[in-house]
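Subject: Structure handover

Hi,

Here is the structure for you to look through. Please open it first, then read the notes below.

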Amino acid sequence: MRDVYVAGIGITSFTRLEYPLVEIAAYPGLMAMRESGIKSIDQLYVANMGAARVNHQSGLASAVVDNLSLTPAGAETIENGPASGASAIKQGFLAVASGMHDTVMVIGAERMREVNNLEATDFVATLTHPMAEYIYGVTLPSLAGMFARLYMEKYGVTSRHLAMVAVKNHKHAMDNFYAHLHEEITLEGILDSPDASTNNPIVADPLRYYDMCPVSDGGACLILTTADLAKKTGKPMVRLAGVGQATDTHAVHDRKDPTDLLAVREAAKKSFAMAGVKPADVHVAELHDAFTILEIVESEEAGFFERGQGHVALQEGYTRIGGKLPINPSGGLKAKGHPVGATGVGQAHEIVLQLWSEAGKRQVKNAKVGFTCNFGGFGNNVVCLTFIREG
Amino acid sequence: MSGITARYWREIPRRYRGEAVKSVKTGKVYFPSRLVEPGNGNRKFKPVKLEYSGELLTFTIIRIAPRGFEKQGPYALGIIELDGGGRITTQIVDVPLEEVKIGMRVRVEFRKISDDGDEGIHLYGYKVVPER
């Protein structure tokens with residue numbers, strides 16, 4: 001296998017965007033080409049979860065490759081639920097590593113705000129088991145609620161710990177121009193004050209409004225290439241060193257222990273093994289905090305902390321910018337936003353920016369090894385990536 | 001929730017009669033039924049009826065209900081471990097929400113689940129109530 005490097009990156013704001021889905025996909029692609037000086041693309045992968053359903057458009061990659069005037073390059077749409085983004089990066093990695101293509105563009109794009117929140121939640125709920133879960137009104141927030149209750153009871157995690165994740169990630173997002181929510185929040189405002197139940201109502205007990213990510217539109221891009229071509233961009237050399245993917249049962253109730261995120265554990269392990277690093281070597285991580293509880297549990301399953309210790313590390317400030325292992329410096333899904341199919345590419349965008357030392361006010365000092373966890377379904381399909389800066 | 005009309009009649013055996021499968025190899029009960037058993041590749045199963053009693057493993061109280069369930073909120077939704085094996089995910093009803101607890105004993109009952117908005121069909125299936 002050839003080594004695979006990042007040549008360029010691009011992103012849109014994750015927010016409500018008033019332009020067509022193909023352009024949400026195209027702008028980050030143009031940005032990545034402009035900044036890297038790369039003009040020739042052999043293959044395009046477009047990660048997207050809902051275009052056929054939400055935007056009434058299928059075959060998205062064919063539309064995007066034409067919109068970017070990159071024809072006759074190859075183009076494919078990759079759908080793997082909320083892990084579509086990292087899955088598309090995996091395809092790009094394979095294409096370059098195998099020697100089949102030299103330069104691959106990976107774009108993630110989603111336009112969820114075309115529909116109202118009830119419809120968007122219903123669209124995401126189509127991920128659940130159609131016979132065992134969906135017909136009984138199970139949605140992703142309800143799976144997260146059941147997961148959180150059991151986990152909190154087992155490990156002594158409280159609503160206060162969950163709120164700390166939200167406060168931290170909202171604070172991080174204040175310095176991210178592209179983040180969906182530029183709104184600093186406090187424990188007082190969302191938990192302690194008499195107005196907290198109005199500011200932060202319970203949605204799926206024990207989870208509240210501020211335990212959940214917003215519904216976002218957005219796009220992000222990563223151009224992957226060979227060492228020789230990456231050197232010509234003049235950017236620091238960042239290698240996509242580890243790609244790990246793992247799956248788990250479709251229905252959450254089929255897992256022996258419903259608080260066990262086996263797929264996260266396995267995907268992270270594979271990604272680290274391929275990269276030849278250990279969890280303790282990681283300087284910065286972007287985890288899939290669609291719900292605050294997930295950041296805590298993923299930080300354990302990825303191997304950063306012992307089981308049941310993630311909330312302690314959070315409380316001690318270990319995971320904020322300035323701490324020993326900053327998690328979600330971009331603001332995470334919680335505050336940067338969650339345009340489902342684009343999210344995994346957005347996470348990689350942040351890690352590359354951090355490893356290039358171009359993250360501005362939210363820069364993690366001396367970041368050389370970065371990690372992303374992109375979580376599909378309710379943990380039934382997970383893709384973890386490890387990036388290493390060389391030199 | 002929408003688009004369930006065709007599923008409605010296709011799923012009568014499992015939703016009306018609680019039909020599951022039991023592995024000939026390990027004796028484990030799977031619901032809904034599976035083609036291949038996890039971990040050992042076994043494909044031999046025999047049909048079995050779920051036992052309609054069990055214990056609540058975990059739950060959530062849905063305060064902001066999804067489409068199709070708007071009029072039912074707030075309600076409790078949980079994962080139930082059935083006594084004869086197998087698990088289901090469904091609503092816990094006929095109980096004050098503050099009395100729903102992990103580990104509580106429940107019984108499975110046949111209830112109306114929702115209306116399919118566009119097609120207007122009533123959807124029936126199982127819910128659980130406290131064992132008394």
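Contact here means heavy atoms within 4.5 Å. Keep that in mind for what follows. One caution: this is a predicted model.

Start with helix H5 of chain A, residues 117–125. Five of its residues are buried: Ala120(A), Asp122(A), Phe123(A), Val124(A) and Ala125(A). What covers the buried residues of H5(A)? The cover includes two helices of chain A, H2 (51–55) and H6. The N-terminal end of H5(A) has a cap, Asn116(A). A side-chain oxygen of Asn116(A) lies 3.2 Å from the backbone nitrogen of Leu118(A).

Now the interface. How many residues does each chain bring to the contact? Chain A gives 30 residues and chain B gives 36 residues. Between them, about 2900 Å² is buried. Carbon and sulfur atoms give 63% of that area. On the chain A side, look for Tyr136(A), Met146(A) and His253(A). These three supply 27% of the area that chain A buries against chain B, more than any other three residues.

Which elements of chain A touch chain B? Helix H5 (117–125), helix H6 (140–155) and strand E5 (202–205) of chain A each supply at least two residues. H6(A) has the largest share, with six residues. By type, the chain A side divides into 15 nonpolar, six polar and nine charged residues.

The strands also cross between chains. E5(A) pairs with strand E4 of chain B, residues 53–62. The sense is antiparallel, over two bridges. Look for Ala204(A), which stands opposite Ile62(B) in E4(B).

Finally, turn to chain B. Three of its strands form an open sheet, in the order E2-E1-E3, with antiparallel pairing. Which strands are at the edges? They are E2 (29–30) and E3 (45–49) of chain B, and each pairs on one side only. Strand E1(B), residues 19–23, pairs with E3(B) over five bridges. In that pairing, Lys22(B) stands opposite Lys46(B).

Best wishes

Note on methods:
Residues are numbered from 1 along each chain as its sequence is written. Chains are lettered from A and ligands numbered from 1 in the order in which they are written. This is a predicted model: local features need pLDDT of at least 70, side-chain atom pairs count only at pLDDT 80 or more; totals for chains, interfaces and linings use all residues. Side-chain values use heavy atoms; hydrogens and water are left out. Buried area is the accessible area (1.4 Å probe) that two parts lose on being put together, summed over both. Helices (H or I, at least four residues) and strands (E, at least two) are DSSP runs, numbered from the N terminus. Ala, Val, Leu, Ile, Met, Phe, Trp, Tyr, Cys and Pro count as nonpolar, Asp, Glu, Lys and Arg as charged, and the others, Gly among them, as polar. Two strands pair if DSSP finds at least two bridges between them. Buried means under 20% relative accessible area, exposed over 50%, partly exposed in between (1.4 Å probe, protein chains only). A polar contact is a pair of N or O atoms within 3.5 Å; within protein, one must be able to donate a hydrogen and the other to accept it, and residues adjacent in sequence count only if both atoms are side-chain atoms.
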